[in-house]
Amino acid sequence: MPDTLLDSPLASVRTFGILLPALHETSPEHAEAALHYATVLAKDLQRWDRFPYKGTDAAVMKLVRLFRARTVSTTALTRWDTAALKNAYLEALNIGPDTSLETDDIPVRLFNTAYQLIETAWREDGHI
């Protein structure tokens with residue numbers, strides 16, 4: 001398995017986003033493969049942590065960081081974990097391409113709420 005999957009921060013973060021729903025809605029074998037690639041991609045994305053992501057890409061990168069913190073602890077994800085990640089990703093898709101995650105827009109608030117729900121649950125469980 002290569003250490004680097006993609007050589008572009010935007011292509012990588014968007015591919016990670018595409019993998020998130022696959023963690024939840026596919027057969028166990030496909031979900032396991034998606035988890036493997038998402039884990040490798042999350043680690044790989046650390047190279048571009050300071051890239052100036054905007055809008056949906058910034059939101060997905062925020063999920064990448066959270067996912068990476070979780071996979072450092074354990075790669076075992078429950079059904080709730082994968083459903084919550086998918087939900088947060090779907091909320092991220094509603095954020096405009098140039099929208100700051102610091103705004104009070106409704107799509108940003110919905111994403112941040114979904115994100116905080118995951119972060120709180122994982123923190124309480126000792127996974128991050």
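**Entry 1. Ground rules**

I worked from a predicted model, in which local features need pLDDT of at least 70 and side-chain atom pairs count only at pLDDT 80 or more, while totals for chains, interfaces and linings use all residues. I number residues from 1 along each chain as its sequence is written, and side-chain values use heavy atoms, with hydrogens and water left out.

**Entry 2. The chain as a whole**

I looked up the secondary structure and found five helices and zero strands in the protein chain. Helices here are DSSP runs of H or I with at least four residues, strands are runs of E with at least two, and both are numbered from the N terminus. The order from the N terminus is α-α-α-α-α. The radius of gyration of the protein chain is 14 Å, close to the 14 Å that the globule rule gives for 128 residues, so the chain is as compact as a globular protein of that length. That radius is taken over C-alpha atoms, and the rule is 2.2 Å times the number of residues to the power 0.38.

I noted the span of the C-alpha trace along its principal axes as about 40 × 35 × 25 Å. Of the 128 residues, 44% are buried (buried is under 20% relative accessible area, exposed is over 50%, partly exposed is in between, with a 1.4 Å probe and protein chains only). I also looked up contacts, meaning heavy atoms within 4.5 Å. Among contacts with a separation of 6 or more, 73% join residues 24 or more positions apart.

**Entry 3. α3 against α4**

I took helix α3 (residues 55–73) and helix α4 (residues 79–92) as a pair; they pack at about 160° with axes 9 Å apart. The axes are lines fitted to C-alpha atoms, for helices over the stretch in contact, and the angles run from 0 to 180 degrees between N-to-C directions. The angle makes α3 roughly antiparallel to α4 (under 35 degrees is roughly parallel, over 145 roughly antiparallel, 65 to 115 roughly perpendicular, and the rest oblique).

α3 passes α4 in a right-handed crossing. A crossing is left-handed if the near helix is turned anticlockwise from the far one by less than a right angle, and right-handed if clockwise. From α3, I listed Thr56, Ala59, Val60, Leu63, Phe67 and Arg70, which meet Asp81, Leu85, Ala88, Tyr89 and Ala92 of α4. By class, this contact has eight nonpolar, one polar and two charged residues. Nonpolar covers Ala, Val, Leu, Ile, Met, Phe, Trp, Tyr, Cys and Pro; charged covers Asp, Glu, Lys and Arg; the others, Gly among them, are polar.

I next looked up helix α1 (residues 9–25), which packs on α3 at about 65° with the axes 9 Å apart. That makes α1 roughly perpendicular to α3. The crossing of these two helices is left-handed. On the α1 side, I find Leu10, Val13, Arg14, Phe16, Gly17, Leu20 and Leu23, and on the α3 side Asp57, Val60, Met61, Leu63, Val64 and Phe67. The division is ten nonpolar, one polar and two charged.

Helix α2 (residues 28–44) crosses α3 at roughly 110°, and the two axes come within 9 Å. I therefore put α2 down as roughly perpendicular to α3. Leu35, Ala38, Thr39, Ala42 and Lys43 of α2 meet Val64, Phe67, Arg68 and Thr71 of α3. This contact has five nonpolar, two polar and two charged residues.

Beyond its neighbours within four places in sequence, I find Arg68 in contact with Ala42, Lys43 and Gln46. The C-alpha atoms of Arg68 and Val40, 28 residues apart in sequence, are 9.3 Å apart.

With neighbours within four places left aside, I list Arg70, Ala76 and Trp122 as the contacts of Asp81.

Outside four places in sequence, Glu91 is in contact with Pro107, Leu110, Phe111 and Ala114. Glu91 and Thr56, 35 residues apart along the chain, have C-alpha atoms separated by 8.9 Å.
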